[in-house]
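Try each task before you read its solution.

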Amino acid sequence: MAERESDNRSMILGAARELVAGTNDPKSITVRQVAQRAGVGTGLVNYHFGSKDKLFAQVVGEMMADTIAAHEAAPAHGTPPAERLKELLKELYGVGEEQMPLMRYLLGWELTEGNLEAPLYLVPLLREVFAGQADEMRLRVMALQILQPIQAAALNPGSFRLYCGIDLTDPAQRDRFIDSLVENLIKGEEK
């Protein structure tokens with residue numbers, strides 16, 4: 001029974017990923033469409049995820065977790081943790097950019113619902129960057145300090161560009177922004 005539930009859950013997630021990849025308007029995707037694509041009843045989608053928003057949050061969470069896992073599995077070759085953090089953020093932004101309509105949809109939902117899980121993905125690498133010099137609460141605050149501007153920029157890139165003069169659709173400007181964000185945070189902690 002547990003294996004079947006796991007299979008249903010996986011099929012639902014796979015179906016949602018496929019549907020999300022094929023649209024520029026994730027709001028238009030219905031639970032019924034996800035269920036039909038997965039070959040399950042709509043009740044199972046709600047049973048496993050509670051809502052379409054939570055399902056999509058899980059889809060994005062898995063995409064980000066896959067990116068983080070691939071990043072962590074790659075050999076560090078002596079690359080300092082701060083540089084690896086910058087590289088990871090750039091990779092994550094790339095994933096987000098590929099799924100920008102979904103990201104904007106979910107960011108609005110997550111911010112209004114108070115879901116702050118995303119920054120937790122950065123805490124292990126921040127732990128490594130600060131090597132015992134910052135407690136858990138401080139690491140979590142730093143993770144928020146890193147992700148909040150990136151999330152704000154994703155929600156409204158035009159306003160972000162007006163505010164700070166950075167066009168995050170330009171990879172060179174985005175990379176400089178991420179580098180600056182991490183470097184400023186590290187310098188602020190060293191004081």
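**Exercise 1: the largest pocket**

Solution: A pocket is an open set of points on a 1 Å grid over the protein atoms alone, where a 1.4 Å probe fits, with protein on both sides within 12 Å along at least five of seven lines; lining residues have an atom within 4 Å of a point.

Before going on, note that this is a predicted model, where local features need pLDDT of at least 70, side-chain atom pairs count only at pLDDT 80 or more, and totals for linings use all residues. Residues are numbered from 1 along each chain, and side-chain values use heavy atoms, without hydrogens and water.

**Exercise 2: the helices around it**

Task: find which helix gives the most to this lining.

Solution: Start with α4 (52-73), α5 (81-98), α6 (100-113) and α8 (136-155), which each supply at least two lining residues. Of the helices (DSSP runs of H or I, at least four residues, numbered from the N terminus), α4 gives the most, with 8 residues. Finally, Val60, Met64, Met103, Glu110 and Ala118 lie nearest the pocket centre.

**Exercise 3: Arg174**

Task: is Arg174 buried or exposed?

Solution: First locate Arg174 in helix α10 (residues 171-190). Arg174 counts as buried because its relative accessibility is 9%, and buried means under 20% relative accessible area (1.4 Å probe, protein chains only).

Terms used
Buried means under 20% relative accessible area, exposed over 50%, partly exposed in between (1.4 Å probe, protein chains only).
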